[in-house]
Amino acid sequence: MDETNQIILVGISFPIHFKITDSKSTFDMTPEQVTLVKESWEKVKPISEQAAELFYGRLFTLDPSLRSLFKGDMSEQGKKLMSTITLAVTSLDRLETILPTVQALGRKHAVEYEVPDSSYATVGEALIWTLGQGLGDDFTEDVKEAWLLTYTTLSGAMLSGKSAAA
């Protein structure tokens with residue numbers, strides 16, 4: 001299956017290009033971009049609790065209707081979010097190893113949580129904003145671009161998993 005989608009984040013439209021063949025994936029991140037994402041995430045991890053609070057605060061400001069999708073303890077939800085991002089970031093240079101999990105997460109978000117497609121752009125915007133807040137001057141244009149590509153790649157995989165559930 002060859003998937004090409006478009007997602008608009010922070011006023012920038014990024015095409016999501018990746019091929020899925022036998023749980024393999026290719027995407028257009030350079031090794032330098034992978035390194036930028038990994039190194040910048042290491043700077044966020046020590047403030048992960050605050051980053052999660054910033055993220056959800058921004059998410060619910062951007063789209064208050066998304067608050068109803070979260071039923072449990074938001075502190076626990078924040079820990080899950082940070083853990084998931086950590087797994088994704090540490091696996092960027094071997095995306096094929098987590099692609100089935102990312103796709104399954106997309107199916108789960110679609111079927112169990114009824115997450116609307118439009119929320120993916122909102123989540124991406126909240127994530128990029130949060131990274132900018134947490135990294136400050138270290139959130140350069142190159143780092144931002146690498147994170148935008150990371151998010152569009154992973155959200156594209158989630159959306160492809162959602163499509164498979166339909």
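**Notes on the predicted model**

1. Glutamate 114 sits in the loop between α4 and α5. From leucine 69 it is 45 residues apart in sequence and 8.1 Å apart in space, C-alpha to C-alpha. Glutamate 114 counts as exposed because its relative accessible area is 61%; the cut-offs are under 20% for buried, over 50% for exposed and partly exposed in between (1.4 Å probe, protein chains only).

2. A word on reading the values: this is a predicted model, in which local features need pLDDT of at least 70 and side-chain atom pairs count only at pLDDT 80 or more, while totals for chains, interfaces and linings use all residues. Residues are numbered from 1 along each chain as its sequence is written, and side-chain values use heavy atoms, with hydrogens and water left out.

3. For the overall layout, the protein chain has 6 helices and 3 strands, in the order β-β-β-α-α-α-α-α-α along the sequence. Helices (H or I, at least four residues) and strands (E, at least two) are DSSP runs, numbered from the N terminus. Of the 166 residues in the protein chain, 42% are buried. Among contacts between residues at least 6 apart in sequence, 72% join residues at least 24 apart.

4. Helix α5 is worth a look on your screen. It covers residues 119–135, 17 residues in total, and reaches 24 Å from its first C-alpha to its last, close to the 24 Å expected at 1.5 Å a residue; the expected span is 1.5 Å times one less than the number of residues. Its buried residues include Tyr120, Leu127, Ile128, Leu131 and Leu135. Glycine 136 follows α5 and has a positive phi, near 55°.

5. Which residues have the most contacts inside the largest nonpolar core? They are Trp41, Ile85, Leu131 and Trp147, in a core of 40 residues. Such a core is a set of buried Ala, Val, Leu, Ile, Met, Phe, Trp, Tyr and Cys residues joined through side-chain atoms within 4.5 Å. At least two residues of this core come from each of α1 (31–44), α2 (48–62), α3 (74–90), α4 (99–111), α5 and α6 (141–165), and α6 supplies the largest share, 10 residues. Isoleucine 85 touches Trp41, Leu127 and Trp147, not counting residues up to four places away in sequence.

6. The largest pocket has a volume of about 1,200 Å³. Of its 36 lining residues, Gln77, Leu81, Leu105, His109 and Met158 are the closest to its centre. The largest share of the lining, 9 residues, comes from α3. By class, the lining has 23 nonpolar, 8 polar and 5 charged residues; Ala, Val, Leu, Ile, Met, Phe, Trp, Tyr, Cys and Pro count as nonpolar, Asp, Glu, Lys and Arg as charged, and the others, Gly among them, as polar.

7. On how pockets are found: on a 1 Å grid over the protein atoms alone, a pocket is an open set of points where a 1.4 Å probe fits, with protein on both sides within 12 Å along at least five of seven lines, and lining residues have an atom within 4 Å of a point. Grid points are joined across faces, edges and corners, and a volume is the space filled by probe spheres set on the points.

Technical notes:
Contact means heavy atoms within 4.5 Å.
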